[in-house]
Amino acid sequence: MAFEGLTEKLSAAFKKLRGKGRLSEADVKEAMKEIRMALLEADVNFKVVKQFVATVTERAIGSDVLESLTPAQMIVKIVNEELTALMGGENTKLTISPKPPTVVMLVGLNGAGKTTNGAKLAGFMKKQGKRPLLVACDTFRPAAITQLEVVGQQVDVPVFQMGQIDPVDIARAGIEHARQHGNDIVFIDTAGRLHVDEELMEQLKVMKAAIDPTEILLIVDAMIGQDAVNAAKTFDEALDITSVMLTKLDGDARGGAALSIKAVTGKPIKFVGVGEKLDQVELFYPDRMASRILGMGDVLSLIEKAQQTFDAKKAAELEQKLRKNKFTLADFYDQLVQIKGMGSLSDIAGMLPGMNAKTLEGASVDENALARTEAIILSMTPAERENPSLLNNSRKKRIAAGSGTQVVDINRLLKQFDMMQQMTKQFSGKQMKRMGKLGKMGKLGKLPGLPF
């Protein structure tokens, strides 16, 4: 995940401050040097770093900080606030036109993932209750239209295309098609280049003038670091972009683009791509990202991810079963499937305060083990799933033969299940009520971002 190196270096700088107790102005300035180097190594724009460090230093050497009982924590709080402000302060949603359809013109260089991320955004907006349409206006890149049709089908969003004719004509016709067919948001997939050139910009300017888009969303690859900021600046100067989507933020990127783009262009980052799958797109929250950069986790995003993945009806049924201690093997399997849907363990760990996601790099639910578990449970009779104590040796042999596994695999699964049952017995009615309250935390407007 992006920012891992930055998180480690900032944590080390803050640890030194905490070790000193009372701080002097010299202590603060020494820590700011380390923070400055950490930001530069993360590929944050030099001018942005200079201004950021100056602002934090000015706030940190104030008497209310140095004379407080916990000055190191106060400095962490200041850095957190300034990082949030640097990235835009608060989440900015996609502008929706009062007169449908909303037209979003996707621009960017080849390789940033305009076509794929256009489909991701369309799928995302469909889940928000919109009726999106993808319009294939990239007539420059071979197979771009076919690619858009493929990813559009995968997210169940219609694609409008007219072949290799003038892209401006396609865009106009696509918007008219949306009006006639009730599509309230249109994503225009435009052509890109391997580098910014006058011909590309002129084409995009002509299209902008012709369709008057509600949003011009620039898609940039976080992996290219400072070049992403330079591209954003160039596109903004030519087209006056309205917003940015950062892709590949799950990769081994230094992440400096996320910290620089808003400061350099003044345009907000509205979305981030956090994986290759077509559902791996998220709204960008500056405060949550700042919290993750400082190793404080991102509990709100974790709750939202869980709410999206876990079936509310099944969760309510499971709660009742746990209250009555009637947790079955079928329930056990359901929970494994839903946890798998939340993504890799390293992604989840990165959202938990104090957890080092790097230690779980690449970790995920074992697909083979999950397949074995499914095969074993599905090879049981309903009575055996409800009451595993029925499983004697002959039954286990039958299940092993039916699931293509061995008796030892069945015994291992039963041991895991027994351990989980022992855990459920420890929950009293009061404890279950407390868990229910915790499950509703996602309805809160805001959770404290700092662990002190």
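**Helix packing, a buried helix and backbone geometry**

In helix H12, the residues Pro286, Arg288, Met289, Ala290, Ser291, Arg292 and Ile293 are buried (under 20% relative accessible area, with exposed meaning over 50% and partly exposed in between, for a 1.4 Å probe and protein chains only). H12 spans residues 286-293 and is mostly covered, seven of its eight residues being buried; helices are DSSP runs of H or I with at least four residues, strands are runs of E with at least two, and both are numbered from the N terminus. The model is predicted, and local features need pLDDT of at least 70 and side-chain atom pairs pLDDT 80 or more, whereas totals for chains, interfaces and linings use all residues. Residues are numbered from 1 along each chain as its sequence is written, and side-chain values use heavy atoms, with hydrogens and water left out.

Helix H10 (residues 226-239) packs against helix H11 (residues 256-265) at an angle of about 25°, with the axes 9 Å apart, where axes are lines fitted to C-alpha atoms over the stretch in contact and angles run from 0 to 180 degrees between N-to-C directions. H10 is therefore roughly parallel to H11, a term applied to angles under 35 degrees. On the H10 side, Ala228, Val229, Ala232, Lys233 and Asp236 meet Ala257, Ser260, Ile261, Val264 and Thr265 of H11, contact being defined as heavy atoms within 4.5 Å. By class, this contact of H10 with H11 comprises six nonpolar, two polar and two charged residues (Ala, Val, Leu, Ile, Met, Phe, Trp, Tyr, Cys and Pro count as nonpolar, Asp, Glu, Lys and Arg as charged, and the others, Gly among them, as polar).

The axes of helix H3 (residues 46-60) and helix H5 (residues 71-86) come within 10 Å and cross at roughly 145°. Val48, Phe52, Thr55, Val56, Arg59 and Ala60 of H3 make this contact with Ile75, Ile78, Val79, Glu81, Glu82, Leu83 and Leu86 of H5, and the classes represented are nine nonpolar, one polar and three charged residues.

Backbone geometry was also examined in the loops. The peptide bond from Pro100 to Pro101 is cis, with omega near 0°, and Pro101 is found in the loop between H5 and strand S1 (102-107). Asp156, which is not a glycine, has a positive phi near 60°; Asp156 lies in the loop between helix H7 (144-154) and strand S3 (159-160) and is exposed, with a relative accessible area of 54%. Asp240 has a positive phi of about 55° although it is not a glycine, and this residue lies in the loop between H10 and strand S6 (243-247), where Asp240 counts as partly exposed at 46% relative accessibility.

Key. Angles under 35 degrees count as roughly parallel, over 145 as roughly antiparallel, 65 to 115 as roughly perpendicular and the rest as oblique.
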